[in-house]
Structure formats: structure tokens, C-alpha cells
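Please walk me through this model in order, beginning with the overall shape of a chain and ending with the contacts to DNA.

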2 protein chains.
Amino acid sequence: MSSVTINDVARHAGVSKKTVSRVINNEINVSEETRTKVMAVIHQLGFKRNPLGMALAKNRSLFIALLADNPSPGYLQKLQKGILQCCSEEHMGLFLYDCNYRSPTLVYEIEEFIDNTLADGLILVPPLSDKQDLLDMLQRKRVRYIRIGPKDQDSGDCVSFNGVKAAYEMTQYLLRLHHKDIAFVLGHPDQESSHRCERGFRNAIADAGITLNEQLVVQGYYTHQSGVDAAATLLSRTPRPTAILAANDEMAVGVLYEAHRRGIKIPEELSVCGIDDISLTTKVWPNLTSMRQPINAIGYRAAFKLIKKLKGETAAGNDGGADIFDCELIVRESTSQPGR
Amino acid sequence: MSSVTINDVARHAGVSKKTVSRVINNEINVSEETRTKVMAVIHQLGFKRNPLGMALAKNRSLFIALLADNPSPGYLQKLQKGILQCCSEEHMGLFLYDCNYRSPTLVYEIEEFIDNTLADGLILVPPLSDKQDLLDMLQRKRVRYIRIGPKDQDSGDCVSFNGVKAAYEMTQYLLRLHHKDIAFVLGHPDQESSHRCERGFRNAIADAGITLNEQLVVQGYYTHQSGVDAAATLLSRTPRPTAILAANDEMAVGVLYEAHRRGIKIPEELSVCGIDDISLTTKVWPNLTSMRQPINAIGYRAAFKLIKKLKGETAAGNDGGADIFDCELIVRESTSQPGR
DNA sequence: ATGCAAATTGACACCGGTGTCAATTTGCAT
DNA sequence: ATGCAAATTGACACCGGTGTCAATTTGCAT
């Protein structure tokens, strides 16, 4: 209500409001004396810039938005946390928008959302990251964006995790445990991370000199239910695989469920593991072995890059364009040597 | 960028911009003829009101924010979905803010968040709903809010579920299955819903003519780990309870974990059930029996009430002040007759 | 046709900032 | 002291809307 405006500061400091504006924005060409005087008044009066006034004048809202339609709530939750931490530090507001990836009018809906909020920066979560008509629309409206895990992860406007390496190392771990019949549950075919994980899995199997039984690679869609279904298929095969690696934890937990339902002991009779390391892994029994994707850091980094982009600076630090995070193997209770 | 302004519309329609403003805002005292003419131009030019301009002029941003620090991610996720659906329908943006309930500077941080975003409506999730110093600050800043599940659920600015009834009915269900030693895991003592659930539980036990063994009521904090800990305590008691009811699903899943770890068969040797019906219930094995809280509807309703409040209308429909939603028993795989 | 209240409309200032450009001040070489 | 470029500052218009209040138009009774 009774908020202090730039005019109030100007009056108290005996300068024009343009000069106050210069001080606020840390512009050059303000004498030290004036700057000090104005800063004193700002603190004394408790002045805070009105973001709406600035947005209107600059034609930039400096609000960003997270657009998501991801089947793994645990993943989104962690991502949000990372993004929010960065936003909080940068004094930036984060809008949330819940997409339905399959809606035929999705692009139109998002355009309307942008018109309603004037968000001028977006973070796109798979499978939105590779939706070309969406990207075209954003380009046309001059809305900046950062994509998480897109196809061409070297384009500088994105942040990813190293899916190939993650699946490769997880498979290696299973091989070290002397598993031979290792099954793999694919993610959604529209999401590049699924293909990357598949590549890692196949490479590891090949590098171990094993001929992959194609029966052991089954389609999933990153959802819990698709994990259950994939497990139903795999666990009916003879010989039964001794280990199942799923392209995300959500599906791995589905595999766990189906195995339990069939009375299969884990990990004695079947090792199960996933990728992501969402909070779900430590809630189910047995706790799930997983590759820890630094989801928090990815979210933070995505927000950081976006905000710097909006403010016109280039992101500092390790910003050589591509940001690809490595994973870390977290061994828990769901994996062991086969037939132990 | 090249967006159409109210001035463009005014010029094309041959009226003043104030008249266009009247048409946009559906004000009275505009002739039918003028209204039709202006509307035609609006559609022709694809005009959309700039929310920032409006916010600045009206000194109301019409953005709302969700403030949460809730230990159950599944709960928050559903709540968000309900809120977002309403926001989408009302063309309203939703800011997200991640609180740390225990931060000593929380109120200050939230005040700063509001200054940064100019959100003029807030949805408060427990345990924030009853934080008096926060409510005082909001009152002072004239920021409207709706609280979810606060102490005094009849105050008209809140939406709740009927916790007493939920726990009562769940306990009745267990009693019907012929359970006698029923344990209860409390929620966080700072959240009113925990006390309500406890009351429901105690009432049901008393109404069944049973003297409650106080050893069977143990403290929890709504987190997964607190459920594990509570189960560890309860499952060491002799005689062991044959059923455990937890005040939320998150803790019930923790109970499930600890029971599995001890090799206790569920539901044959122990029935476990929770309250909320978050998505986690159908991911764990066995699927968890729960009381379905219409979290989606609660979120939607909270957003609806808040938005109407901001727009100055009173919420339509069942808005007699209090909004208290009933729960529905969802029987799944984790409960059965004792010793079956 | 005339008078008058009610309905309709527009001129102007304003919300809280920033951009442009001209005016003023400063600092230094001469 | 003088001249001049560079540094500093402010007047003014503008971003895209809304509120106030006065001016104009309309509709009806007389």
C-alpha cells in the first residue's frame, strides 16, 4: 500500500527521479557523491523498486515460468526446488504452468499463458524440450527459454544429464555383480534421454562381449504403470532375467511392484535398479539402487542460465555452452549378485 | 513485441481509449452499438490486455502465489494441479514459493517475495496456515489469502477436509474387519489436521466400547521417516498391533517399509492404512488402503475463492463461508481381517 | 419545440518506472 | 583565465492501462 516510490526518494535526496533510477540500476555516469546520497535515502525510506513499473517501462517482466508435463512427480519436485532456489536468490518470480503434452491446442494454450503473465523466460521440461512448433512460437514471440534434456544438447540453451554414461555405468555395475541376463526398460520414445540411456545400456553390454538378447529390451513410457507392464512381460520370459534396469526410477518402482506381486524375492531372485534417484527410491521396499542425477543442480543451473540471459549477461562459471551433468551410482537394497 | 495496445483499438474503432477500457472491463454505461463496434475491432486486431499495465494502474497484480513447505510431495503435487486448473481457467498466473517453515526469518523472506512479485493473493498450505506472525504481516500489507486446513476452519478464508470424519471412518472400517489392537501414528503437532485425525480415531475406538491402549498412539511428523520410526516402536510392542493407521499416506508407506524389513506379511499379519490418497499409494506394494481426500478439488476451490476475493466478487456456489470436504474410503491391498 | 435527468463519452492526470536528448557541470590542457 | 571534451544531471515523453470529472448526447415528459 503505502509503498515508497522513486519519486519519494528523488524528493528526499534532492535529485531527479531519473538519477535515482540510474543508481538503482547501477549505471555508470553517476558521481560517487550522488550515489552515496541516494543510497542513503533508499535505505532510510526502505524503498523497493516496483517490478511492474519496471516491467512496463522496459517491456520485460523478468518473470520466468516452468512449463512441465512430466510423468514423474518426484523428478519435477526436485527440479522445482532447484529452480526456486535460484529464483529466490535472484529475486525473481517463478510462474508454474501445467501442460498437457497431448493437447492438440497446446501451443495456443501456452501462448495464451504467456500473454496472461508476460513471462519473458521459460524453462522447458521433457517432452516439451523438443516440441518444434512450440519452439517456433517462442522464437516468434521473442520469449527466451532454456531446455532440459533436449535432442541437441550442445546448443547452449539447455541443461542435460549424461544419460549415455549413466546407463553405461549402471549396466557395468550389474555386470560386475555377474549378471548376464540383464533386461532394459526403455523410456518414452519422444524423449531423447530414453534413447541416450538405451545407447549406454547397449554399449555396456557390447563392451562386455555379450550378445544382447533383443527380447530383454522392452518399451516403457517413463510412467509407473508402464514399468509394471514391462515387468509383466519380462518376468514371464524363460529364462527370466536376473536383473532389470529401467530408464527411470518411476518405472523401476513399477517393476518392483510386479515382482513383489509374483512373489519374486528382491534382490535375491531379481535385481532392480533405476535412473534419476528421486525421493521415491528411499520410500519403497527394498530401497532402490539408482543413478543419482543432480536434479536440483540441473534446475538451479537452468534457472541461472535463463536469468542471466534475460539480464543480458552471459552465464558465468562453467558456461561453455553445453551443460551436461554426470550421474553418481547410489547402491541401495534392490541389487545384489544373482541367485545369492 | 508488436503487440496491439488499447490505443490501437481506440484509433481503429474511432473512440477514446477509456471507452475501450470500459468495454474490456464489461462496465455498464456503454451503448450496445459502441460495445459491438469495439469488440469487433478487438477481435480483428487480436488485442489482449497487458496485465502489467492493468496491474500498475489498478495497483493490483492479479497474480497469486502458492506458499508451501509440506513434507508430502505427493500431496503438494495434487494440490498444485487443482490450483493450476483454476488459474488456467481464470487466466491468472500462479507464482510458486518454497518456504522453510523453520527459518527464523521466514516472515521477512515472504515479505520480500511479495515485494518482488507483487502477488496480491496467497494460498497457504499447512503448517503455514496457522503461523500467526505471517498472517499479521499479510494483513498489514493488505495481501489476501486463503488457508488450507487451519485451526479455525469456519473463518471463511479457508478450505479443509474433514479430518475427524476421515479418521473415524477409517477406524470403523478396521473395526469392522475385527481388528482390536489398532495403532495410530500422529501427524505433526503443529498441524491441526493431526489433532483432528486423532480425535476421529479416539472417538471411533471409544464408540466401539474399547478402552484405548495409550501405548498404541505414537508421535509422527507427517514424514516418511517418522512413519518408519513409529512403526519400529509399534512393531516391537507385545502384543503387536494387528493394524496401524497413519495420519497421512507418507507415514503409512514408512510403516509399510519397516514391516517389510522385519519380514511381516502385509496384510496377512498386519493391516496398514493411511489418509490422503496420494499417488504413492498405488506405487508401493501392496497398494495402500487410504481415505481419499479430494486434494485436487481442495486446491481448485482454494484458488477459486481467492480469485473471486481478489476480483471483488463473493465466491459463488457452496460458499457459505466454510468449505469442508469429505473423504472417501479407498480399499486396496494393504488391509484385511487380522490373522487371515 | 423545450427542459431536464440519465446515459454515454472523452480529456486529462496518474500508476511507477525507463529512454532520449539536451543542458549543465567538471576536469584538464592551453 | 579560457576553451573544450567528457562526465553528470534533469526535463520530458512514454510503457499500457484505469480513475475522475466534466462535456456531450439521448430519451422522455411537458
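This is a predicted model: local features need pLDDT of at least 70, side-chain atom pairs count only at pLDDT 80 or more; totals for chains, interfaces and linings use all residues.

For chain A the mean pLDDT is 93, with 96% of the residues at 70 or more.

Chain A contains 12 helices and 12 strands, and its C-alpha atoms fill a box of roughly 85 × 40 × 35 Å along the principal axes. Of its 340 residues, 56% count as buried. If one takes the contacts in chain A between residues at least 6 apart in sequence, 71% of them join residues that are at least 24 apart.

A:Ser129 is found in the loop that runs between strand S3 (121-124) and helix H7 (132-141) of chain A. Although A:Ser129 belongs to a loop, its relative accessibility is 1%, and because buried means under 20%, A:Ser129 counts as buried. Leaving aside residues up to four places away in sequence, A:Ser129 touches A:Leu124, A:Leu135, A:Arg147, A:Ile148 and A:Pro150.

The aromatic side chains come next. Over all chains, the whole structure holds 14 aromatic pairs. In one of them, the rings of A:Phe95 and B:Phe95 have centres 4.0 Å apart and planes at 20 degrees, and the pair is therefore stacked, given that planes under 30 degrees apart count as stacked. A:Phe95 lies in strand S2 (residues 94-98) of chain A and B:Phe95 in strand S2 (residues 94-98) of chain B, so this pair joins two chains. Both A:Phe95 and B:Phe95 are buried.

A further pair is formed by A:Tyr97 and A:Phe113, whose ring centres are 4.5 Å apart and whose planes stand at 35 degrees, an arrangement that is tilted. Because A:Tyr97 lies in strand S2 of chain A while A:Phe113 lies in helix H6 (residues 106-117) of chain A, the pair ties together parts that are 16 residues apart in sequence. A:Tyr97 and A:Phe113 are both buried. The residues of these two pairs belong to one aromatic cluster, which is formed by A:Phe63, A:Phe95, A:Tyr97, A:Phe113, B:Phe63, B:Phe95, B:Tyr97 and B:Phe113.

Rings also take part in another kind of arrangement. A:Lys309 lies over the face of A:Tyr145, at 5.9 Å from the ring centre, and in chain B the residue B:Lys309 lies over the face of B:Tyr145, also at 5.9 Å from the ring centre.

We can now turn to the DNA. Around DNA strand C there are 25 residues, of which A:Ser21, A:Asn25, B:Thr19, B:Arg22 and B:Thr34 are the closest. Among the atoms of DNA strand C that are within 4 Å of the protein, 62% belong to sugar or phosphate, while the rest belong to bases. A base is reached by A:Lys18, where an N or O atom in the side chain is 2.9 Å from a base nitrogen of DNA strand C. Helices H2 (17-24) and H4 (51-58) of chain A, together with H2 (17-24) and H4 (51-58) of chain B, each supply at least two residues of the surface near DNA strand C, and H4(A) gives the most, with four residues.

DNA strand D likewise has 25 residues around it, and those that come nearest are A:Thr19, A:Arg22, A:Thr34, B:Ser21 and B:Asn25. Sugar and phosphate account for 61% of the atoms of DNA strand D that come within 4 Å of the protein. Phosphate oxygens of DNA strand D are approached by a backbone N or O atom of A:Ser16 at 3.0 Å, by a polar backbone atom of A:Ser31 at 3.0 Å, and by an N or O atom in the side chain of A:Thr34 at 2.3 Å. The elements that give two or more residues to the surface near DNA strand D are H2 and H4 of chain A together with H2 and H4 of chain B, and the largest share, four residues, comes from H4(B).

How values were computed
Residues are numbered from 1 along each chain as its sequence is written. Chains are lettered from A and ligands numbered from 1 in the order in which they are written. Side-chain values use heavy atoms; hydrogens and water are left out. pLDDT is the predictor's confidence in each residue, from 0 to 100. Rings of Phe, Tyr and Trp (its six-membered ring) pair if their centres lie within 6.5 Å; planes under 30 degrees apart count as stacked, over 60 as edge-to-face and the rest as tilted. Buried means under 20% relative accessible area, exposed over 50%, partly exposed in between (1.4 Å probe, protein chains only). A charge sits over a ring if NZ of Lys or CZ of Arg is within 6 Å of the ring centre and within 35 degrees of the ring normal. A residue is near a molecule or strand if one of its heavy atoms lies within 4 Å of it. A polar contact is a pair of N or O atoms within 3.5 Å; within protein, one must be able to donate a hydrogen and the other to accept it, and residues adjacent in sequence count only if both atoms are side-chain atoms. Contact means heavy atoms within 4.5 Å.
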